[in-house]
Amino acid sequence: MYVAIEGIDTCGKSTQIELLRAHYPRAIFTKEPGGSLIGESIRELVLYAPKKRGFILDEYAELMLFLADRAQHYKEVLAPNADKLIISDRSVISGIAYAKNVSMDKLIWLNEFVLRGMYPHLVVILKLSELALTQRLKLKTHDSIESRGIAYMLNIQERLIESSKYLNVPHLILDAAASREEICAMIKGRIDEMSYV
């Protein structure tokens, strides 16, 4: 079973991934971008290089870098572990949501191509209110995507939900302001219900 934990930055994805590790010690835990050897370099390039080196990454270049990461992630992580429980911090859902100026049909074709048709069996979306997002962003330094602002991130959040629906992937939308233990229990309940792990 392939599970993707989705949400805009600061929603608590990393926290949930760590809590789920305790419940599923034999699962494969991964992330996009950066779950493969090549992906680590792509992650650094997209998220931090523009800010450090003072350039603006073309949106189509950004899309192609994420697609390259996703193709390698499929090769190194997803396909070899298809018979196991895979829990990923982000997935194709983010890949589609963040590519705002490309048609949905084209994005789906591109992602279908690099993933060879392997989509998550369950997408968990941790949803933040504008107030909660504002408060959480004040507490951290921003990467190149977070620096695009609150309105941008809230739009991405809606696109995450839209992308899950468009792909017809089973999804669970949870209030990211709930306690971490409550959120984890809901995620675990749905995973166990679907996979009988």
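User: Let us begin with handedness: which hand does the crossing of α6 and α8 have?

Analyst: The crossing of α6 and α8 is right-handed, where right-handed means that the near helix is turned clockwise from the far one by less than a right angle, and left-handed that it is turned anticlockwise. Helices here are DSSP runs of H or I with at least four residues, strands are runs of E with at least two, and both are numbered from the N terminus. Please keep in mind that this is a predicted model, in which local features need pLDDT of at least 70 and side-chain atom pairs count only at pLDDT 80 or more, while totals for chains, interfaces and linings use all residues. Residues are numbered from 1 along each chain as its sequence is written, and side-chain values use heavy atoms, with hydrogens and water left out.

User: How is such a packing described in numbers, and at what angle do the axes of α6 and α8 cross?

Analyst: Two packed helices are described by the angle between their axes and the distance between the axes. An axis is a line fitted to C-alpha atoms, for helices over the stretch in contact, and the angle runs from 0 to 180 degrees between N-to-C directions. In this model the axes of helix α6 (residues 104-115) and helix α8 (residues 150-166) come within 12 Å and cross at roughly 70°. The two helices are therefore roughly perpendicular, given that 65 to 115 degrees counts as roughly perpendicular, under 35 as roughly parallel, over 145 as roughly antiparallel and the rest as oblique.

User: Which residues of α6 and α8 meet?

Analyst: On the α6 side they are Met104, Asp105, Leu107 and Ile108, and on the α8 side Arg159, Glu162, Ser163 and Tyr166, with contact meaning heavy atoms within 4.5 Å. By class, the residues of this contact of α6 with α8 are four nonpolar, one polar and three charged; Ala, Val, Leu, Ile, Met, Phe, Trp, Tyr, Cys and Pro count as nonpolar, Asp, Glu, Lys and Arg as charged, and the others, Gly among them, as polar. Asp105 counts as exposed because its relative accessibility is 53%, where exposed is over 50%, buried is under 20% and partly exposed lies in between, for a 1.4 Å probe and protein chains only.

User: At what angle do helix α4 and α6 pack?

Analyst: Helix α4 (residues 59-78) packs with α6 at an angle of about 30°, the axes being 8 Å apart, and this crossing is right-handed. From α4 the contact draws on Leu63, Leu67, Arg70, Ala71, Tyr74 and Leu78, and from α6 on Leu107, Leu110, Asn111, Val114 and Leu115. The classes in the contact of α4 with α6 are nine nonpolar, one polar and one charged.

User: How should I read aromatic pairs, and how many does a search of the whole structure find?

Analyst: A pair of aromatic rings is described by the distance of the centres and the angle of the planes. The search finds two pairs, taking rings of Phe, Tyr and Trp (its six-membered ring) with centres within 6.5 Å, and calling planes under 30 degrees apart stacked, over 60 edge-to-face and the rest tilted. Tyr98 and Tyr152 form a tilted pair, 6.5 Å centre to centre with 50° between the planes. This pair links distant parts of the chain, since Tyr98 is in helix α5 (residues 92-98) and Tyr152 in helix α8, 54 residues apart. Tyr98 and Tyr152 are both buried. The rings of Trp109 and Phe113 have centres 5.5 Å apart and planes at 5°, so that pair is stacked.

User: Where do Trp109 and Phe113 lie?

Analyst: Both are in helix α6, four residues apart, which is about one turn of the helix. Trp109 counts as exposed at 56% relative accessibility, and Phe113 counts as exposed at 58%.

User: Finally, which residues does a cis peptide bond join?

Analyst: Most residues other than glycine have a negative phi, and most peptide bonds are trans. Here a cis peptide bond joins Glu32 and Pro33, with omega about -10°, and Pro33 is in the loop between β2 (28-31) and α2 (37-47). Thr10, not a glycine, has a positive phi near 80°; Thr10 sits in the loop between β1 (2-6) and α1 (13-23) and counts as buried at 18% relative accessibility. Arg116, also not a glycine, has a positive phi of about 55°, and Arg116 lies in the loop between α6 and β4 (122-127).
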